[in-house]
Amino acid sequence: MGQLVAIVGRPNVGKSTLFNRLTESRQAIVDPTAGTTRDRQYGKVDWNGREFSIVDTGGWVVNSEDVFESEINKQVELAIEQADEILFVVDAMNGVTDLDDHVAEILRKSKKPVVLVANKVDSNEWQYNVPEFYKLGLGEPYPVSAVSGFGTGDLLDEVVKELPEKDDDEEQLEDIPKFAIVGRPNAGKSSLINAFIGEDRHIVTDVAGTTRDSIYTRYNKFGFDFYLVDTAGIRKKNKVTEDIEYYSVIRSIRAIEASDVCILMIDATRGIESQDANIFSLIQKNKKGLVVVVNKWDLVEEKSQIAIKTFETAIRNRFAPFVDFPIIFASALTKQRIFKVLETAIDVYKNRKRIIPTSEVNRVMLEDIAAYPPPANKGKYVKIKYVTMLKGAQVPTFIFFCNLPQWVKEPYRRYLENKIREHWDFSGTPINIYMREK
């Protein structure tokens with residue numbers, strides 16, 4: 001399971017720029033206006049073969065006129081509580097401020113591993129300001145420039161070194177499906193969990209997961225056998241208010257990373273909202289299986305096939321380009337179709353584990369490639385000669401061997417993926433397609 005690093009600090013120290021640098025993306029909005037980052041940004045970092053998750057937070061603010069001040073502060077506190085490690089970003093140009101002292105005090109109390117990042121060392125002269133940050137009492141400050149990338153290699157070395165070692169408990173779990181129920185607040189996640197495990201005729205065993213927040217609940221009844229991935233966030237709601245959108249995201253990160261298949265709950269009475277799309281993107285980034293459950297269907301007045309088709313189309317359009325996933329209309333309260341949810345989740349898990357023999361893959365796919373070959377580039381033709389499916393991969397992975405792999409562009413990869421899904425059932429699971437030179 002992945003590990004979570006949170007970036008914190010006062011406004012305008014370059015947290016979002018550092019996030020973009022470490023994730024090699026441009027996800028986070030960068031602007032000199034204080035308080036620009038209010039919603040959460042989540043990404044993956046891979047450094048020397050070690051992968052971890054990283055979350056960008058809003059700038060810590062006290063006594064300001066910003067109406068979002070209290071919400072930003074709550075989100076920072078929650079990130080500190082949930083993270084395995086903290087990156088505390090300060091501004092080398094401005095030195096230590098009262099707000100830096102305020103954040104440092106909170107971090108010292110958290111007892112979490114903290115890496116102090118002195119950002120904006122954009123020239124050699126600013127390095128002389130870095131030793132000033134020793135007074136924060138958080139160890140050695142690492143000088144970096146998030147804009148140019150200076151020092152980020154040494155910083156990542158330290159981040160990886162400070163991350164807690166992974167527990168072997170997850171490896172010791174039986175090889176059975178692990179399902180996570182995720183979604184925004186009030187979508188019915190707790191009701192569905194209660195519908196699954198709230199009866200007397202069940203056998204459940206709680207197994208501590210790889211982090212302090214993950215719990216695997218063994219579910220074994222009615223012919224089903226799987227682990228329900230739970231987090232402390234689902235059970236302990238006293239520390240944050242339910243209406244904070246970030247709450248559902250930060251809570252979902254660990255559950256998603258610990259699972260094989262995610263059951264994404266959508267409230268039928270409210271439709272698809274931005275938070276649903278955010279959590280869907282977390283599932284996609286982590287390459288997990290997906291089952292979408294439209295909950296509270298018993299409260300919807302219009303239940304015709306036209307209404308169902310309209311809702312399904314709206315969901316797939318919002319989540320495009322990945323549209324090959326099952327959608328179930330259910331009610332956790334009345335237990336309508338909840339066993340269909342489990343059956344479908346099991347099917348998606350089996351799809352993730354499906355292996356197609358190499359001879360069959362070649363026979364089918366080479367015909368499709370011959371019917372519609374890759375487009376020529378500068379008078380040269382891409383010739384795909386052999387296809388195989390990688391065994392032992394976390395998600396279905398197909399490798400296409402050809403003479404010019406660098407010229408196979410995304411539209412043709414989508415064509416290949418569509419053909420694969422057309423011939424074999426990979427509903428609910430992402431597919432990896434790689435081009436290799438033969």
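Student: Which residue stands opposite T388 in β15?
Tutor: T388 has I399 opposite it in β15, where strands are DSSP runs of E with at least two residues and helices are runs of H or I with at least four, both numbered from the N terminus. This is a predicted model, in which local features need pLDDT of at least 70 and side-chain atom pairs count only at pLDDT 80 or more, while totals for chains, interfaces and linings use all residues. Residues are numbered from 1 along each chain as its sequence is written, and side-chain values use heavy atoms, with hydrogens and water left out.

Student: OK, and how many bridges join β14 to β15?
Tutor: Five bridges join β14 to β15 (residues 397-402), and these two strands run antiparallel; for two strands to count as paired, DSSP must find at least two bridges between them.

Student: What packs on that sheet, touching β14 and β15?
Tutor: Helix α12 (residues 358-371) packs there, touching β14 and β15, and its direction makes about 140° with that of β14; contact here means heavy atoms within 4.5 Å, and the angles run from 0 to 180 degrees between N-to-C directions of lines fitted to C-alpha atoms, for helices over the stretch in contact. Helix α13 (residues 410-423) also packs on the sheet, touching β14, β15 and β16, with its direction at about 120° to that of β16.

Student: So what's the strand order in that sheet?
Tutor: The order is β14-β15-β16, in an open sheet of three strands with mixed pairing. The edge strands, each pairing on one side only, are β14 (384-389) and β16 (432-437).

Student: Switching to the six-strand sheet, which strands stand at its edges?
Tutor: The order of that open sheet is β2-β3-β1-β4-β5-β6, again with mixed pairing. At its edges stand β2 (41-47) and β6 (141-143), each with a single partner strand, so one side of each has no neighbour in the sheet. From one strand to the next, the twist averages 30°.

Student: And how do β1 and β4 run, parallel or antiparallel?
Tutor: Strand β1 (residues 4-8) and strand β4 (residues 85-91) run parallel and are joined by four bridges, and the bridge partner of A6 in β4 is I86.

Student: Which residues have the most contacts inside the largest nonpolar core?
Tutor: They are F88, L107, V182 and I315, in a core of 54 residues. A nonpolar core is a set of buried Ala, Val, Leu, Ile, Met, Phe, Trp, Tyr and Cys residues joined through side-chain atoms within 4.5 Å, and buried means under 20% relative accessible area, with exposed over 50% and partly exposed in between (1.4 Å probe, protein chains only). Leaving aside residues up to four places away in sequence, F88 touches several residues, including V8, D100, L107 and L138.

Student: Aromatics next: why is the F179 and F226 pair called tilted?
Tutor: Their ring centres are 4.8 Å apart and their planes are at 35°, so the pair is tilted; rings of Phe, Tyr and Trp (its six-membered ring) pair if their centres lie within 6.5 Å, with planes under 30 degrees apart counted as stacked, over 60 as edge-to-face and the rest as tilted. F179 lies in strand β7 (residues 178-183) and F226 in strand β10 (residues 224-231), so the pair ties together parts that are 47 residues apart in sequence.

Student: Is F179 buried or exposed?
Tutor: F179 is buried, with a relative accessible area of 0%, and F226 is buried, with a value of 0%. F179, F196, Y219 and F226 form one aromatic cluster.
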